Amino acid sequence: MPGKQRSECDSPLLSPVSLALLTLIASPLAGGLACAMVFARLQKKIRAVVVATLSLLIMPPVYGLLIFQPIKWYWSSLVLMAVHICCTAIVYISMRRIYLADQEHFCIRFSPRRLQKKSYILAGMSGGMLFSLILGLACLSIYILANDHLFATLMPVAFNDAQALSLLLTCQLVLLLSGIIAGGYMGKIRLRISPLQTVGYAIALILIALTWFFFLQLTIALPSFQAGQASGRGWGADSAIFFAINLLIGSWWIPFLLHYYLRPESAAGKGFRLVQVLAINSCAAISLAIGFGAPTNWFSTAGKFFEQHGQVSKALWCYQHGLEKQPNQRIAGYLQFRAALLAHKLGDDQAAKHGFQKVVAQYNVNQELVKRSSRYLDNLEIDSSDLKRIVLPGVETPITFKDAYCVPNSLALVLNFWGAKLSATEIGHSITGLGRGTLTVDQAWYTDSLGFRNDFFPMATLQDIKNVIDAGMPALVYVPGHVFAIVGYDEQLKTLVTYDVATQDVWVDYFQEDFVKAWKKVNATLALVYPQGEASRVPASLRNKREKISDAYLHYHLHYLDSPDGFPSKEHLEIAQSLHPSFFLPYVALMEYFPKSLNKPQVQENEVKAINSITNFFAHGFDEGVHLWGQRHYEDYAESDQNFYASLTYLIYRNHLDDAKQVINQVEATGLISDETKGLRGMLDLANGNLPRGVERLESIYEPDLAIYQAAAQIAMEKSRAAVANLVRTVDSCTCHYQRDPVGPQESNISRFKRSQMLPSMYRRFRDRKYIVGFDQFGYPATYLANTLLLQQKEYGDNSKELEEAWTAWIHYNPFDFKVARQLSTLLQQRIADAPKGSKAVHQLERQLRIINKREQAYRELYTAGM
């Protein structure tokens with residue numbers, strides 16, 4: 001009877017439900033081949049051959065049509081779902097008829113049956129949890145590392161540590177759930193297995209899980225990450241599909257496949273099943289990826305891969321087919337942008353114009369791409385008959401990628417160009433430190449140890465870079481916090497062709513105008529790495545000065561490294577100054593740390609060259625806008641540049657006020673200047689006697705350090721009420737620290753925090769340049785003068801309360817200023833007289849007054865004794 005046969009059956013060979021699940025989740029191809037295997041075991045060979053042949057002949061072309069034909073991704077998804085559901089219904093109905101007619105051949109008996117107990121199930125769940133935690137974590141760690149090594153060399157963008165950790169935790173959670181489910185099922189069917197077999201089954205479970213993770217990562221997670229990072233969409237939205245599939249499907253799909261794998265009794269049968277499981281997982285991943293619209297990301301990733309290997313035509317084909325799937329606006333805009341760039345690269349400027357126009361008019365979600373496309377369109381309108389595009393062969397594409405490895409990656413590109421087969425990982429292990437990156441001197445030492453020259457050219461020009469490219473040499477350049485390689489230039493687009501890992505792309509044309517602004521933030525430094533025998537290639541404009549200026553640059557960098565006491569090295573600075581007088585940064589550092597050394601005759605003799613170099617360097621192509629790694633620029637936000645501010649201070653210190661003012665005006669005429677520079681310009685107006693303009697400019701910014709000078713000018717202009725407010729700010733700023741908010745155009749300017757000067761080192765980020773005794777950054781006793789002027793005032797108006805707070809803090813840190821204490825006592829007495837009698841505020845004021853009076857008396861006694 002059917003009921004009796006069912007009760008004697010421990011586990012079906014391949015039940016209709018199992019075959020239906022294989023067909024629905026994996027594909028009709030996997031389900032059809034599994035059905036063919038069942039027919040073969042049931043001695044129905046003709047049916048087996050027919051089903052297998054139909055599955056192999058029909059399903060691959062269907063998938064090919066859904067992927068490669070210009071069909072919108074959602075129509076492909078709906079067609080695929082319909083095919084899967086129809087085939088699943090056919091498989092279930094047809095196989096159930098055979099199953100009901102011949103259950104005996106579908107069954108495998110594991111062990112003599114015993115009474116089922118819940119303890120068996122709980123024991124199995126506990127064992128599955130422990131094995132998946134212990135073995136799973138170890139195997140997953142190896143899996144993540146292997147993935148990183150594999151994909152970092154194939155793809156232009158790799159997961160960083162945070163993303164790899166999230167991947168590890170998600171996979172571990174899914175593996176844990178799978179272990180619990182699989183262990184509970186083992187307990188239910190009560191397999192009599194030895195401890196060694198248990199370990200074997202656990203390893204099989206982990207292996208099945210890892211293949212499931214790998215194929216999902218290959219088809220969904222990795223392409224979506226690549227496309228999201230490059231397009232600016234981000235990787236979270238698409239990668240969430242990977243996590244959801246794992247949690248909702250993978251947690252039970254993996255135990256299901258383990259059960260499928262365990263059914264054959266022989267080792268050969270299990271090996272054959274394991275191969276089938278790998279194929280089933282790949283089919284399932286492809287089917288799910290098509291269902292969620294991942295082929296668009298496939299085309300994007302494939303295009304980046306082909307670009308990486310210099311196959312431009314194939315990359316263009318991939319981008320065009322990705323667009324035909326009509327993805328979201330960000331991905332579509334990126335694909336169209338890349339396609340237009342490649343069309344220009346192949347010489348088809350009409351197609352390039354059409355592509356850029358579509359980015360501007362149709363795919364305009366990503367404003368950064370819209371701006372770049374508009375600039376490209378303007379440049380493409382210029383007659384290109386005499387304009388050239390030069391790209392060094394063999395270095396237009398990256399070698400490898402690793403997060404925060406900008407120097408190793410760029411250096412590996414250059415060294416490989418010269419025939420030294422070194423990976424970025426090898427270089428990074430030698431010279432890159434955790435938490436600090438790669439130092440310039442380490443780069444010079446490493447290349448020298450390989451027998452290469454490493455020349456540094458600070459204050460280089462854009463024409464120097466073009467000359468280097470024309471000479472057949474790649475160049476390394478420095479921008480804020482970053483290094484990348486320049487391998488060509490395009491006179492039509494007015495760009496430099498770069499290999500820049502921070503852009504998360506493979507071929508980036510960097511507008512020359514934008515590049516120069518970022519480049520000058522780090523002294524416009526150009527580095528050339530080349531074999532000793534190729535020295536004749538260096539352009540003559542650089543060859544004549546490479547010895548002295550390169551050594552001067554290295555000595556300048558050594559002045560704060562080669563110093564045992566942590567203080568800058570005077571010797572290195574003086575050597576750098578003497579080697580190349582036009583290199584002005586050593587002069588600026590000497591002024592800051594060793595001002596007396598500027599009076600030496602040999603220094604004064606060359607100072608004119610340094611001053612001319614400052615004015616020429618900053619007056620052209622420089623501004624204080626925010627320029628970051630990754631070729632990001634903020635057009636409406638400025639932040640003080642340390643070298644610029646220090647150089648202006650140097651000019652003022654050496655009494656070249658007109659030169660400093662001229663440089664500031666020229667920078668502002670073509671770019672942005674920061675509040676600090678605006679304040680310095682206001683100070684120059686005051687120094688030149690133009691008090692109204694100086695005060696007006698100082699009032700336009702919030703700079704507490706300069707409030708005392710603003711107040712002094714207002715007193716001279718007989719504006720005592722405004723002067724009092726600035727005097728109070730001066731006193732208040734001596735016991736307050738001011739912190740600039742994070743860089744960004746949407747952030748506010750200044751946030752104030754009441755903090756004492758005696759702060760631990762973790763608060764050194766607060767930018768207060770004064771000591772608590774009241775000296776400002778110029779060494780001027782600003783607070784003492786402010787207090788002196790405040791004591792001379794007869795009234796303080798609306799500033800009384802804030803002045804009380806500032807003076808209370810001041811005398812706390814300066815207990816000998818009894819004059820301030822006496823005036824503060826008078827202010828408190830006046831407030832007590834004006835306050836309602838018996839109120840809580842009066843009690844607090846009286847208590848504060850008693851403290852102040854005691855201090856004032858003690859301060860006066862100490863002052864008298866000192867006299």
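Start by selecting Glu668 and Arg681, which form a salt bridge with their closest N and O atoms 2.2 Å apart. A salt bridge here is a side-chain nitrogen of Lys or Arg within 4 Å of a carboxyl oxygen of Asp or Glu. Side chains of opposite charge can pair when their charged atoms come close. Glu668 sits in helix H27 (residues 657–670) and Arg681 in helix H28 (residues 675–687), so the pair ties together parts that are 13 residues apart in sequence. Helix names refer to DSSP runs of H or I with at least four residues, strand names to runs of E with at least two, and both are numbered from the N terminus.

Before moving on, note what is on the screen. This is a predicted model, in which local features need pLDDT of at least 70 and side-chain atom pairs count only at pLDDT 80 or more, while totals for chains, interfaces and linings use all residues. Residues are numbered from 1 along each chain as its sequence is written, and side-chain values use heavy atoms, with hydrogens and water left out.

Stay with the first pair and colour by accessibility. Buried means under 20% relative accessible area, exposed means over 50%, and partly exposed is in between, using a 1.4 Å probe and protein chains only. Glu668 counts as partly exposed, at 32% relative accessibility. Arg681 counts as buried, at 7%.

**The whole chain**

Zoom out. The protein has 35 helices and 15 strands. Of its 867 residues, 52% count as buried. Contact means heavy atoms within 4.5 Å. Among contacts between residues at least 6 apart in sequence, 69% join residues at least 24 apart.

How many salt bridges does a search of the whole structure find? The search finds 15. For one of them, select Arg375 and Asp514, whose side chains meet at 2.8 Å, N to O. Arg375 lies in helix H15 (residues 367–380) and Asp514 in helix H20 (residues 512–519), so this pair ties together parts that are 139 residues apart in sequence. Is Asp514 buried or exposed? Asp514 is buried, with a relative accessible area of 15%, and Arg375 counts as partly exposed at 26%.

Next, select Arg453 and Asp455. Their side chains meet in a salt bridge of 3.0 Å, N to O. Arg453 and Asp455 are both buried.

Go back to helix H20 and follow the chain to the loop between H20 and strand S11 (526–531), where Asn523 is placed. Ala524 is in the loop between H20 and S11 too. Show the backbone angles. Phi of Asn523 is near 70°, a positive value in a residue other than glycine. Ala524 also has a positive phi without being glycine, near 50°. Asn523 counts as buried at 10% relative accessibility, and Ala524 counts as buried at 0%.

**Two helices side by side**

Select helix H16 (residues 406–417) and helix H18 (residues 440–449). Their axes come within 12 Å and cross at roughly 30°. The axes are lines fitted to C-alpha atoms, for helices over the stretch in contact, and angles run from 0 to 180 degrees between N-to-C directions. H16 and H18 are therefore roughly parallel to each other. Angles under 35 degrees count as roughly parallel, over 145 as roughly antiparallel, 65 to 115 as roughly perpendicular and the rest as oblique.

Which residues meet where H16 contacts H18? Val407, Leu411 and Leu415 in H16 meet Gln443, Tyr446 and Thr447 in H18. The residues of this contact divide into 4 nonpolar, 2 polar and no charged. In this scheme Ala, Val, Leu, Ile, Met, Phe, Trp, Tyr, Cys and Pro count as nonpolar, Asp, Glu, Lys and Arg as charged, and the others, Gly among them, as polar.

Select Ile144 in helix H6 (residues 118–154). Ile144 counts as buried, at 12% relative accessibility. Leaving aside neighbours within four places in sequence, Ile144 is in contact with Ala164, Leu167 and Leu168. Ile144 and Leu167 are 23 residues apart in sequence, and their C-alpha atoms are 8.1 Å apart in space.

Last, select Arg729 in helix H31 (residues 720–734). Not counting residues up to four places away in sequence, Arg729 touches Tyr702, Glu703, Pro704, Ala707 and Gln710. The C-alpha atoms of Arg729 and Ile708 are separated by 8.2 Å, and these residues are 21 apart along the chain.
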